Every structure is written in structure tokens, then in C-alpha cells.
Amino acid sequence: MSGGSERTHFGYESVPLEDKQGRVKDVFHSVSRRYDLMNDLMSGGLHRAWKDALVSAVNPPKNDCEFAVLDLAGGTGDIGLRILRAGGAGTRVTICDINPDMLEVGRERAAERALDGVVTFEQGNAEDLSYADRSFDCVTIAFGIRNVPRIERALEEAYRVLKIGGRFLCLEFSSVDVPGLDALYELYSFQVIPRIGGAVTGNREAYQYLVESIRKFPKPNVFAHMIEGAGFRRVSYTAMTGGVVALHSGWRL
Ligand SMILES: C[S@@+](CC[C@H](N)C(=O)[O-])C[C@H]1O[C@@H](n2cnc3c(N)ncnc32)[C@H](O)[C@@H]1O
């Protein structure tokens with residue numbers, strides 16, 4: 001623990017701001033090897049459709065035009081590898097994540113698929129990127145922003161490294177607002193997900209954090225304003241599966 005006065009939340013727990021990143025790191029360290037399996041089990045495979053919607057919005061060119069994508073909090077590379085599959089010979093993906101264990105799983109997956117020549121895995125903090133200004137055509141982040149302690153800083157960094165005319169796309173859990181579905185979703189989230197997480201990864205707390213952190217994340221309209229606050233224009237969002245997730249988009253113009 002540290003003595004700083006600024007606080008934030010880690011799930012429903014209030015923690016010093018500077019402690020959150022370490023706690024998040026522990027979560028993903030412990031679940032990295034079972035992370036992708038858990039996504040399928042928890043979402044009944046729906047995460048694939050949500051990720052496909054993100055990749056469609058990225059719309060990488062099918063030809064050999066150069067197209068550089070930065071996937072923030074890219075973890076095991078699921079988004080990055082999907083973008084590469086959808087794009088042509090000019091598409092390059094940099095996967096940046098703070099957690100070396102998640103990146104290692106991603107490196108192995110990329111090598112198995114012989115994609116290691118077109119994808120780079122780099123350890124880095126979304127709040128403080130090492131890339132030059134205006135170096136990417138597209139910046140994506142999927143199910144990552146919720147885990148970043150200083151969300152505004154990460155949005156500003158995404159804006160900084162985007163080229164003019166580039167697009168920011170963020171896929172994140174959101175708020176279910178369909179009567180009936182909301183109660184069912186609450187029940188499933190709090191009664192089922194931590195149990196599956198505990199059985200599959202041995203870390204029930206990690207999945208308790210997941211469901212709590214989703215509830216603490218700003219509503220989609222509030223998050224859209226945060227994206228605008230970082231300088232993005234033409235900000236919009238689309239809710240999917242009754243609001244279980246939302247895809248936010250903004251342009252650097
Ligand atoms: C739920 S996983 C998402 C992984 C991947 N994007 C996907 O959709 O499968 C969240 C990821 O965010 C990463 N993360 C958390 N805080 C971060 C930060 N400040 N900078 C970069 N990555 C971070 C974690 O290490 C973890 O790999």
C-alpha cells in the first residue's frame with residue numbers, strides 16, 4: 001500500500017490510485033493461461049461476435065496498402081490476430097499490454113499461426129506509450145480500458161499516437177438496459193461467472209473483480225464524453241447484446 005491521497009476503485013473496493021495497476025496485474029498474471037477459454041465459457045462464445053464487430057469497424061485494407069494498428073491492452077492477441085486475418089499484406093499490428101504473461105501466450109499463438117512476422121508484442125502501459133506522435137492508422141482497445149487506472153490519460157495517449165484521419169475503437173462491457181435481461185444478467189454475473197472462473201482458473205476473486213469492475217465503468221454516454229474530452233471527433237457508440245457491451249468510436253481529425 002502507498003500513502004497517496006487519490007483513490008479509485010478496484011471492483012467495489014476503494015484503493016489508492018497507485019495500487020490499482022498492481023492489483024490488475026496480479027489478476028491477469030493468474031488467469032493468463034486460461035484467459036481465452038474463460039472468454040468462451042463466460043460469454044457462450046458471444047465475445048467472438050463482439051470482437052468481429054470491432055474488426056469490421058477497423059476495416060483493414062484488403063490490399064497491400066500499409067495500415068498500422070495499435071491494439072492496446074491486447075493481452076493474448078485475440079483482437080490483433082483477428083485484424084491481421086481480416087487485412088491484406090500491408091496490415092501490421094502492434095499489441096501492447098502491461099502484463100508479460102498475457103503477452104507470452106499471445107506470442108505463442110502468433111508463432112503457431114506463422115503470424116509472428118507481421119505482429120509485434122510489446123510490454124507497455126496504455127497511460128504512457130513509447131510510440132511517436134501520429135504513428136498509427138487505428139488504435140483499438142478491447143475489454144482493457146476498464147482496467148486502466150487513469151482512463152483519461154490512456155485516451156489522450158491513444159489520440160497522440162493516432163495519425164490525423166485515424167480512428168480509435170474501444171470495445172468494453174457496458175450497461176444492460178433491457179427490462180428482464182438486466183435482472184438475468186445480474187444473476188448470471190454475480191452467481192455464475194465467479195464460480196466458473198474459480199473452477200477453471202483457480203482464481204474466483206479475479207472473476208469477482210471482473211463483474212464488479214463492469215458495474216463501476218462509466219455509462220456509455222459518459223464514456224463517449226470522456227473520449228471527446230481527449231480530443232476525438234465524431235464520437236459515437238453502438239450497444240450490442242442489449243447493452244452487455246458497447247463499441248465506442250472516435251476520429252482524430
Ligand atoms: C480483459 S483483458 C483484454 C485482453 C484482450 N484485449 C482481449 O480482448 O482479449 C485486459 C488486459 O488489459 C491489460 N491492462 C491492464 N492495464 C493496462 C495498462 N495500464 N496498459 C496496458 N494494458 C493494460 C491487462 O494486462 C490485460 O491483458
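Contact here means heavy atoms within 4.5 Å. The model is predicted, so local features need pLDDT of at least 70 and side-chain atom pairs count only at pLDDT 80 or more, while totals for chains, interfaces and linings use all residues. Residues are numbered from 1 along each chain as its sequence is written, and side-chain values use heavy atoms, with hydrogens and water left out.

Setting aside neighbours within four places in sequence, Phe173 is in contact with Trp50, Phe143, Arg146, Tyr185, Leu210, Ile214, Phe217, Val244 and Val245. Phe173 is also among the residues with the most contacts inside the largest nonpolar core, which has 49 residues. A nonpolar core is a set of buried Ala, Val, Leu, Ile, Met, Phe, Trp, Tyr and Cys residues joined through side-chain atoms within 4.5 Å; buried means under 20% relative accessible area, exposed over 50%, partly exposed in between (1.4 Å probe, protein chains only). Apart from this core lies another, of 28 residues, including Leu70 and Tyr131.

Trp50 also takes part in a meeting of α2 and α3, where Asn39, Asp40 and Ser43 of α2 meet Leu46, His47, Arg48, Trp50 and Lys51 of α3. Helices (H or I, at least four residues) and strands (E, at least two) are DSSP runs, numbered from the N terminus.

The structure holds zero disulfides, a disulfide being a pair of cysteine sulfur atoms within 2.5 Å. The sulfur of Cys96 is too far for a bond, because the closest cysteine sulfur, in Cys170, is 14 Å away. Cys138 is in no disulfide either, with the sulfur of Cys170 as its nearest at 12 Å. Cys138 is buried, at a relative accessible area of 2%.
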